[in-house]
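Q: Can you show me how to read side-chain features in a model? Please take them one at a time.

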Amino acid sequence: MKILLTAINAKYIHSNLAVYSLQAYAEAHGHKIERAEYTINNQLDDILEKIYRQRPDVLIFSCYIWNIEYVKELTEEFHKLRPEVPIWVGGPEVSFETERFLQENPAITGIMMGEGEQTLTELCDYFEQCEQEAQLLTENGENAQKRTERAETDNEKKSRPLAELHEDLLGKIDGISYRRADGSVAIHPLRSLLPMDELPFCYANLKDFEHRIIYYESSRGCPFNCSYCLSSVDKRLRFRSLPLVYKELQFFIDAKVPQVKFVDRTFNCQHEHAMGIWKYIKEHDNGITNFHFEISADLLREDELKLISDMRPGLIQLEIGVQSTNGATIREIHRTMRLEEVYHAVNRVKAGKNIHQHLDLIAGLPFEDYQRFQQSFDDIYALHPQQLQLGFLKVLKGSYMYEHASEYGLIYRTKPPYEVLESKWVSYDEMLEIRLVEEMLELHYNSGQFLTYLSVLEQRYDSAFQMFLDMGHFYRSHGYLDCSHNRVRRTEIVLEFAESVDAGHRAAYEEALIFDLYKIEKSKSRPSWAQNLALEKKKTSGYLRAHGMEKKYCHLEKFHWLDAQGQLRQEEYPMWLLFNYEMRDPLTNEAALTGISEAEMEGAVTWN
């Protein structure tokens, strides 16, 4: 029997931990399962063809908000071609309101609700028994017909779903919902959860994970009850034992994988567990592998802060969900967070200059109107994390927010990702303004391409939110939003904007943009207003020769308003900056900088 477990990921670099874990657990219990992975960027017809050519006897999909529409369409089309093949689905997007989902999607046979490893294994037992029964029907003819107490033609046997053969066996499996032979829907109780150590390690072979992110979980569940999150539904918090975690982390370290992303919902919710893992990866650092953790910053203790402050730059990165700085909102969404301690921890980590921090905000939460969200944005932007993700409230089936959507006046998209369009507190017009800010934030801040420019522009504004909003309005009014721009053209556009709001400091903006253009890589082209490098070629070539440096690995540029750290001076002072791309900041990947006086440049020319 061929059971095909299928994942459709959001991007190629993503991998699907759920299907690996399901496959590994079922195979550890004697079942052979094949796996297929695609992305939502693949053509649906191509996925359909590939699945069809694999000739599965049972087809199973892992369902999330980013792929559910693909899955529904795929199952509908596949069912037309192979109506005898049962199609099962699982995952957070289908684990709630299962009766309605099955009624709306008649091609789908059943749903695995909640944690799926044990459920799938029991379903495999069932599928195999169904296959044996089908073989008996074929081999024994009339005797088999009597056992089923109904007459069937050969054609009926082929088109009849296997699920109809043994509903009594299905009835013994917890954690499933399925369509009975008479068309009604059976919904079974959720099953008890497995101890984490019973889950087999699913990354024994890393060949399939080149150039892809590896996801790992050392715990399941969450101690908190955030009203917008499905993790709060699983009240039982379970941990994988530390000796087992160490063994598995060592496998990644020995293999020198680029990144391991922990999917634990709140990694540092148990102090001893977090400290144990952080100590281990620090002591066994291979100089290459990066580990990503989602944490609550206000839970960080002094010994944890001290430990991570001494780690290799780039060894770990932290994702911190702040979501809002409005106390009323935090209380209403049942979030446990002490803001002052969040600020303290984020600033402590930032001071170490060795850890990438990713902070999250959510627009559209209860009790946070447009003006108050602007304050939340400004509060978190002032911390200047390496990345600030501005997300929008998603009203997920099964969450507290979903149950109270009417109370909050939430109007949200009918189809995934179910993002809020407006609420009691934020109109759709205001939400569109926030989306414009989010687009400008991604282009200019999170890209890391305009940070020096923004640091100069911020001095013109009291509110970072207003700064990005004005930038968005400028893009829209000039028709720049709907066009794709290369790096140099975008540099010219943002200079246009700066001149429209702060014309008196054009020279500082020009220099900041040139600095940004060269800090990561040597730009092959320059904006129209940039200085002609040929005018200083004798100086720059002479300096590089005098110091035995190759031009292709370096860049020299003369600045008047920026210092060797890219900071704006109060007074004009000429200085050359050498960008050395062979030596980089291990955290930011920016070129090493050296300040050189005009006299040193002149001296190099004289020496040559």
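Predicted model: local features only at pLDDT ≥ 70, side-chain atom pairs only at ≥ 80, totals over all residues.

Q: Where is N286 placed?
A: Start with the neighbouring elements. N286 is in the loop between α10 (271–283) and β12 (290–295).

Q: Is N286 buried, exposed or partly exposed?
A: Compare the relative accessible area with the cut-offs. Buried means under 20% and exposed over 50%. N286 has 22%, so it is partly exposed.

Q: Which backbone atoms does the side chain of N286 reach?
A: The side chain of N286 reaches the backbone oxygen of I253 at 2.8 Å. It also reaches the backbone nitrogen of T289 at 2.8 Å. Leaving out residues up to four places away in sequence, N286 touches I253 and K256.

Q: How many aromatic pairs are there?
A: Ring centres within 6.5 Å make a pair. The count here is 37 aromatic pairs. One of them is F201 with Y203, edge-to-face, at 5.9 Å centre to centre and 65 degrees between the planes. Y203 is buried at 1%, while F201 is partly exposed at 25%.

Q: Why is the pair of F367 and W425 edge-to-face?
A: Check the angle between planes; over 60 degrees counts as edge-to-face. The planes of F367 and W425 stand at 80 degrees, so the pair is edge-to-face, with centres 5.2 Å apart. This pair links distant parts of the chain, 58 residues apart.

Q: Which ring does the charged end of R435 sit over?
A: Find the ring centre. The charged end of R435 sits over the ring of F392, 4.0 Å from its centre. For R55, the ring is that of Y52, at 4.4 Å.

Key:
Residues numbered from 1 in each chain as written. Heavy atoms only, no water. Helix = DSSP H or I, 4+ residues; strand = E, 2+ residues; numbered from the N terminus. Buried < 20%, exposed > 50% of the residue type's maximum accessible area, 1.4 Å probe, protein only. Contact = heavy atoms within 4.5 Å. Polar contact = N/O pair within 3.5 Å; in protein donor to acceptor, adjacent residues only side chain to side chain. Phe/Tyr/Trp six-rings, centres within 6.5 Å; stacked < 30°, edge-to-face > 60°. Lys NZ or Arg CZ within 6 Å of the ring centre and 35° of its normal.
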